[in-house]
Amino acid sequence: MAPITVDPFEPDTALSPVVNPHRRRARHVGPSHRRRERLGLLGKYAVAIVTSVIAVFPILYIVSASLNPNGSLVSSNDLFRSIDLSNYIELFSNPTQPYGAWFANTIMIGLVAAFGTVFLGALAAYAFSRMRFSGRRLGLTTILLVQLFPQLLGVVAIFLLMTSIGDIFPAIGLDSQLGLILVYLGGALGVNTYLMYGFFNTVPASIDEAAKLDGAGHARIFFTIILRLSAPILAVVGLLSFIGTASEFVVASVLLTDPAKQTLAVGLYQFVSQETSANWPVFAAGAVLAALPVVLLFFVLQKYIVGGLTAGAVK
């Protein structure tokens with residue numbers, strides 16, 4: 001057997017790293033590439049600034065108009081040129097236009113309708129998510145398709161229906177806040193149910209099975225497990241329902257005729273409904289105050305909003 005000779009001047013291939021000839025070289029970032037990145041960043045900042053100005057300017061304008069004592073919007077073009085609280089005082093000084101009652105009615109109707117919407121939507125979403133019955137998929141699709149038709153199409157039918165109901169049960173007929181709430185709850189299903197249905201599907205079914213082994217029924221599972229784990233989507237649906245109810249005008253203007261029972265959306269229209277006596281600064285002051293409950297509720301539920309909107313979007 002021939003001896004093995006080792007050349008001391010030849011590099012040891014076993015110890016030297018293997019160089020892959022197909023490996024790409026490190027990308028060299030030149031000044032032109034940095035310039036493009038800076039231009040792209042400046043473009044993003046420019047779009048953000050323009051979008052912010054477009055969003056903030058109407059708010060500044062309406063606040064400036066509410067503080068303008070001249071009584072017209074033309075004199076409000078110069079933002080915050082004159083500041084006076086007379087418009088806010090006038091809101092609460094006219095007994096024929098009870099702004100305080102409108103504000104309280106809106107808060108009460110909005111909260112009750114939001115709570116009812118969340119409760120009914122959660123019940124329907126739980127049934128579609130956890131129970132298996134014939135017509136389940138058809139029911140989900142039907143509920144979603146019904147929402148494609150705006151509520152405005154059914155105003156005449158709602159008016160005739162509430163007139164007939166009012167003849168038998170005046171407490172829930174025309175010109176009753178309870179009747180208006182029931183109309184709002186009638187349209188509570190649909191998108192809200194579908195949104196909560198997607199969120200409930202993300203809750204593991206093994207939790208339900210473990211609870212059933214301990215003797216829990218559907219009611220106990222729903223109230224003690226599902227609702228607690230679904231707090232984000234419940235907050236989102238409640239917030240959206242409150243905003244929609246507080247700003248709804250058509251149905252509320254048809255069903256509520258007594259000024260003391262009307263909501264803000266209907267009552268504020270009286271300030272600008274007559275062309276010869278339109279009081280836009282007072283209307284602006286009322287609009288600023290009407291936005292405060294929505295903003296406050298948004299900040300209270302802010303931590304739930306992002307998780308509630310995105311968790312049920314994917315499986």
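Which side chain does Asp208 meet in a salt bridge? In this predicted model, the partner is Arg130, with 2.4 Å from N to O. Side chains of opposite charge can pair when their charged atoms come close. The count of salt bridges comes to one. Asp208 sits in helix α8 (residues 205-213) and Arg130 belongs to helix α3, so the pair ties together parts that are 78 residues apart in sequence.

Next comes the packing of two helices. The axes of α4 and α7 run 8 Å apart, and the two helices pack at an angle of about 130 degrees. On the α4 side, the contact is made by Arg136, Leu140 and Leu144, while α7 brings in Val191, Tyr194 and Tyr197. Sorted by type, the residues of this contact come out as five nonpolar and one charged, with no polar ones.

Then there is the largest pocket, which holds about 730 Å³ of space. Its lining takes in 26 residues, and those that lie nearest the centre are Gln147, Gln151, Tyr184, Gly187 and Ala188. Helices that give two or more residues to this lining are α3 (99-130), α4 (136-146), α6 (177-186), α7 (191-200), α10 (231-246) and α11 (250-255). Of these, α10 gives the most, with four residues. As for the make-up of the lining, 15 residues are nonpolar, 10 are polar and one is charged.

Most residues other than glycine have a negative phi. Asp175 is not a glycine, yet its phi is positive, at about 60 degrees. As for where this residue sits, Asp175 is found in the loop between α5 (155-168) and α6.

How values were computed:
Residues are numbered from 1 along each chain as its sequence is written. This is a predicted model: local features need pLDDT of at least 70, side-chain atom pairs count only at pLDDT 80 or more; totals for chains, interfaces and linings use all residues. Side-chain values use heavy atoms; hydrogens and water are left out. On a 1 Å grid over the protein atoms alone, a cavity is a set of points where a 1.4 Å probe fits but cannot get out, and a pocket is an open set with protein on both sides within 12 Å along at least five of seven lines; lining residues have an atom within 4 Å of a point. Grid points are joined across faces, edges and corners, and a volume is the space filled by probe spheres set on the points. Ala, Val, Leu, Ile, Met, Phe, Trp, Tyr, Cys and Pro count as nonpolar, Asp, Glu, Lys and Arg as charged, and the others, Gly among them, as polar. Axes are lines fitted to C-alpha atoms, for helices over the stretch in contact, and angles run from 0 to 180 degrees between N-to-C directions. Contact means heavy atoms within 4.5 Å. A salt bridge is a side-chain nitrogen of Lys or Arg within 4 Å of a carboxyl oxygen of Asp or Glu.
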